[in-house]
Amino acid sequence: PAVAILTAAGSPDPVRHGRQVVAFGEGVMFDAVAGSGSEPTLDDLRLGVAELLRGMLPGRGST
C-alpha cells in the first residue's frame with residue numbers, strides 16, 4: 001500500500017520510498033514502545049511524516 005500511495009503522489013522511486021515510510025513508522029512505534037523516547041503527539045507524527053514526504057516527493061516545498 002505504501003508503494004501505491006507514493007506512486008500516486010508522484011514519487012520518483014516509490015519502492016525505495018515506500019520502504020522508508022514503513023521504516024519510519026516502525027521506528028516511531030519502537031521508540032514509543034521500548035520507552036527510549038516520549039510518546040509522540042499527533043502533531044509530532046504529522047510533522048514528522050510531512051517532513052519525510054517533503055523530501056521524497058517532487059514539488060513539495062515548504063508548507
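These legends describe several views of one predicted protein model.

**View 1. The fold of the protein is built from helices.**
The protein has three helices and zero strands. Read along the sequence, the pattern is α-α-α. The C-alpha trace spans about 35 × 25 × 15 Å along its principal axes.

**View 2. Burial and contacts in the protein.**
The protein has 63 residues, and 13% of them count as buried.

**View 3. The accessible surface of the protein.**
This surface comes to about 4500 Å². Carbon and sulfur atoms account for 63% of that area.

**View 4. The charges of the protein.**
The protein carries 5 positive and 7 negative charges. Take the mean position of the positive charges and the mean position of the negative ones.

**View 5. Aspartate 31 in helix H2.**
Helix H2 covers residues 14-34, and aspartate 31 is found in this helix. Is aspartate 31 buried, partly exposed or exposed? Its relative accessible area is 29%. Buried means under 20% and exposed means over 50%, so aspartate 31, at 29%, counts as partly exposed.

**View 6. Aspartate 31 and serine 11.**
These two residues are 20 residues apart along the chain. What distance separates their C-alpha atoms? The C-alpha atom of aspartate 31 lies 27 Å from that of serine 11.

Definitions and conventions
Residues are numbered from 1 along each chain as its sequence is written. This is a predicted model: local features need pLDDT of at least 70, side-chain atom pairs count only at pLDDT 80 or more; totals for chains, interfaces and linings use all residues. Side-chain values use heavy atoms; hydrogens and water are left out. Helices (H or I, at least four residues) and strands (E, at least two) are DSSP runs, numbered from the N terminus. Buried means under 20% relative accessible area, exposed over 50%, partly exposed in between (1.4 Å probe, protein chains only). Contact means heavy atoms within 4.5 Å. Accessible areas come from the Shrake-Rupley method with a 1.4 Å probe; for residues, only the protein chains shown count as cover. Lys and Arg count as positive and Asp and Glu as negative; His and the chain ends are not counted. The place of a charge is taken as NZ of Lys, CZ of Arg, CG of Asp or CD of Glu.
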